[in-house]
Number of protein chains: 2
Amino acid sequence: LLTEKTPAKRTDARRNRERVLQVAREAFAEAGAEVSMAEIIRRAGVGSATLYRNFPSRRELLEAILVEEVDDVCGAASTVAGDTAGARLTAWLRRFADYVAGKRPVAVELLEHVERTDPVFETSRDRVLAAGEPLLVAARSSGELSAGISLDQILDLIVAIAKIPCDSGYREPILNVALAGLRRSEEP
Amino acid sequence: LLTEKTPAKRTDARRNRERVLQVAREAFAEAGAEVSMAEIIRRAGVGSATLYRNFPSRRELLEAILVEEVDDVCGAASTVAGDTAGARLTAWLRRFADYVAGKRPVAVELLEHVERTDPVFETSRDRVLAAGEPLLVAARSSGELSAGISLDQILDLIVAIAKIPCDSGYREPILNVALAGLRRSEEP
């Protein structure tokens, strides 16, 4: 009977997992891939058993962080603000660029644990494509999107810009140019 | 006296060097970095002594190819056609994108022989920047260039697009979008 969980205990367990994950995401965002499991335990104010029960190894933690990052990007496709369909697509692509720039230390370290063909990588792209497609369709319908480019190509463009090794102040005008080009209807 | 070259012999020597280099550029453009020195000798129809007199090792040949590629890109800045300053800038940036996409196998192999700080890499960027700057200034004067972006940032954008691992048919609409964005004056 001692091992059976009451609803309250299950809620506690879920809250603990969420807390550890949230703390880990913030720690990685601040410090890149240098964050130790001990540091996450310290920041979250939980016991090490709580961390390792939820994430048996660093690999599981890194995967969970990436899955949540993708969840957030996909969720933003429904909630992003903008006066027109084109503005909403642009705002979401900025959010996607932030995700790509931010996830890199986590993704790079995860690649030390799993292959590039790991489902976390394979499915992320598909999920982002599915989430963004309605925004693309809407912007195309409203005549705000440059012809002849697919969401796959748009995401590759944003990824390429997000990977330029520079700070965000240097990157911003580059991203602005790309997004402006998307919303233009004529060829150069 | 036997070692003294007559003007005719010097001209022959220069022609031989140019011929070997031209053949090597074509071979690398077709076959990537897989081309052997023996293959270049065969294609150029020269003796191996002629090749090795001009390019003692593969490293010297790779460097000479890159220097000539940069010469051509820089030269194109003065000769590129277009109805307006903006059109000429755009056309030259397309030429630069072709150069980046094409030089990669040669540059990647050269990095096995020399450091990234080798002058051939360090000076190439500066030479391209100097050659492109008048095109940028002219396009800005004619009001055809998006504000707030430098030539450094523009080149980084084009390089990022040229490095997307895909074929040229897939890349073309992406490059079109970026170039359209450059020629827009409002922010997205």
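## Close-up views of a predicted two-chain model

**Figure 1. Helices H4 and H5 of chain B lie side by side in this predicted model.** The axes of helix H4 (residues 58-79) of chain B and helix H5 (residues 85-110) of chain B come within 10 Å and cross at roughly 175°. An angle over 145 degrees counts as roughly antiparallel, and H4(B) and H5(B) are therefore roughly antiparallel to each other. Take a moment to find the residues where they touch. On the H4(B) side, look for Leu62(B), Ile65(B), Leu66(B), Val70(B) and Val73(B), among others. The H5(B) residues that they meet include Trp92(B), Phe96(B), Tyr99(B) and Val106(B).

**Figure 2. A salt bridge joins Arg25(A) and Glu68(A).** The closest N and O atoms of this pair are 2.8 Å apart. Where do the two residues sit? Arg25(A) is in helix H1 (residues 7-31) of chain A and Glu68(A) is in helix H4 (residues 58-79) of chain A, so the pair ties together parts that are 43 residues apart in sequence. Over all chains, the count comes to 28 salt bridges.

**Figure 3. Chain A meets chain B.** At this interface, 28 residues of chain A are in contact with 28 residues of chain B. The two chains bury about 2,200 Å² between them, with 69% of it on carbon and sulfur atoms. How many salt bridges are there between chain A and chain B? The count is zero, while six residue pairs are in polar contact. On the side of chain A that touches chain B, helix H5 (85-110), helix H7 (151-162) and helix H8 (168-182) of chain A each give two or more residues. H8(A) supplies the largest share, 10 residues. By class, this side of chain A has 14 nonpolar, six polar and eight charged residues.

**Figure 4. Chain A has eight helices and zero strands.** Follow the chain along its sequence and you will read the pattern α-α-α-α-α-α-α-α. Along its principal axes, the C-alpha trace of chain A spans about 70 × 35 × 30 Å.

Key
Residues are numbered from 1 along each chain as its sequence is written. Chains are lettered from A and ligands numbered from 1 in the order in which they are written. This is a predicted model: local features need pLDDT of at least 70, side-chain atom pairs count only at pLDDT 80 or more; totals for chains, interfaces and linings use all residues. Side-chain values use heavy atoms; hydrogens and water are left out. Axes are lines fitted to C-alpha atoms, for helices over the stretch in contact, and angles run from 0 to 180 degrees between N-to-C directions. Helices (H or I, at least four residues) and strands (E, at least two) are DSSP runs, numbered from the N terminus. Angles under 35 degrees count as roughly parallel, over 145 as roughly antiparallel, 65 to 115 as roughly perpendicular and the rest as oblique. Contact means heavy atoms within 4.5 Å. Buried area is the accessible area (1.4 Å probe) that two parts lose on being put together, summed over both. A salt bridge is a side-chain nitrogen of Lys or Arg within 4 Å of a carboxyl oxygen of Asp or Glu. A polar contact is a pair of N or O atoms within 3.5 Å; within protein, one must be able to donate a hydrogen and the other to accept it, and residues adjacent in sequence count only if both atoms are side-chain atoms. Ala, Val, Leu, Ile, Met, Phe, Trp, Tyr, Cys and Pro count as nonpolar, Asp, Glu, Lys and Arg as charged, and the others, Gly among them, as polar.
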